[in-house]
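This report walks through a few local features of the structure shown below, for a reader meeting it here.

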Amino acid sequence: MLDLGTLLGYFCIVACGVCKLPQIKTLYQSQVVGGLSLTSILLELYCHGCQTGFYISESYPPLEYLEYPLLVLQNFTLLFLVGVVSGSLFKSLQYITAFSTLIAVIGGGYFTKSTILMAMSLNIPIGVSAKLAQINAIRSAGSSDNVSYMAYLINFITGAARLYTHFMSRGETMVLANFAIMMCANMGVMGTISAFRGQKLKSS
């Protein structure tokens, strides 16, 4: 019989594996990027990319981190669509290539654990900055209709689940602090989406 930690691990993987699909669908259907922050996507890719590379390099069981490469793939899809919609596809492909290389280098063990943890120590301010960038994009656009709740809600729930699973396993303080702070940041984005939902998009 599966224990609670294992069940939470499966839940996180499945939930994060689909959490950005509503955003991808919204962008594909609307063909409008207003309210969606490219900066936020790039900052998230740094955080999720570093975490993916770290867990691979340290030989963590896939059940403990598989949601991160899935989030990376979904953000790659968002980047591609943003490039198509905004006419900057070449730049989006450059970003995708750069982050793919970063993950491969970290995951391949080319850096020491202490170096990777030092890079991951930036995940907290960068992760919070990603949420603030998204909040600013919504406020600047005057509407959150092109931004999906789902990713932030699922990230909040899975953050709580991962807080538990990592506390019960290895429990690196930096990793645990990252989960807790990002849960608060996700709540901030959800509050902003709610406040600007149904508002008219500002003319550019």
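This is a predicted model: local features need pLDDT of at least 70, side-chain atom pairs count only at pLDDT 80 or more; totals for chains, interfaces and linings use all residues.

Asn155 has its place in helix 8, which covers residues 150–168.

When neighbours within four places in sequence are left aside, the residues in contact with Asn155 are Cys16, Cys19, Leu71, Lys131 and Asn186.

## Helix 8 against helix 9

Helix 8 packs with helix 9, which spans residues 173–196, at an angle of about 165 degrees, and the axes of the two helices are 9 Å apart. The two helices are therefore roughly antiparallel to each other, since angles over 145 degrees are counted in that way. The crossing of helix 8 and helix 9 is left-handed.

## Helix 4 against helix 5

A second pair is formed by helix 4, residues 67–86, and helix 5, residues 89–107, whose axes come within 7 Å and cross at roughly 160 degrees. Helix 4 and helix 5 are therefore roughly antiparallel to each other, and their crossing is right-handed.

From helix 4, the residues making the contact are Val72, Phe76, Leu79, Phe80, Gly83 and Val84, and from helix 5 they are Leu89, Ser92, Leu93, Tyr95, Ile96, Phe99, Ser100 and Ile103. The contact of helix 4 with helix 5 has 11 nonpolar residues and three polar ones, with no charged residues.

## Ser37 in a loop

Ser37 lies in the loop that runs between helix 2 (21–30) and helix 3 (38–57). Is Ser37 buried or exposed? With a relative accessibility of 6%, Ser37 counts as buried, because the class takes in values under 20%.

A polar atom of the Ser37 side chain lies 3.4 Å from the backbone nitrogen of Thr39. Beyond its neighbours within four places in sequence, Ser37 is in contact with Ala133, Gln134 and Ala137.

Definitions and conventions. Residues are numbered from 1 along each chain as its sequence is written. Side-chain values use heavy atoms; hydrogens and water are left out. Axes are lines fitted to C-alpha atoms, for helices over the stretch in contact, and angles run from 0 to 180 degrees between N-to-C directions. Helices (H or I, at least four residues) and strands (E, at least two) are DSSP runs, numbered from the N terminus. Angles under 35 degrees count as roughly parallel, over 145 as roughly antiparallel, 65 to 115 as roughly perpendicular and the rest as oblique. A crossing is left-handed if the near helix is turned anticlockwise from the far one by less than a right angle, and right-handed if clockwise. Contact means heavy atoms within 4.5 Å. Ala, Val, Leu, Ile, Met, Phe, Trp, Tyr, Cys and Pro count as nonpolar, Asp, Glu, Lys and Arg as charged, and the others, Gly among them, as polar. Buried means under 20% relative accessible area, exposed over 50%, partly exposed in between (1.4 Å probe, protein chains only). A polar contact is a pair of N or O atoms within 3.5 Å; within protein, one must be able to donate a hydrogen and the other to accept it, and residues adjacent in sequence count only if both atoms are side-chain atoms.
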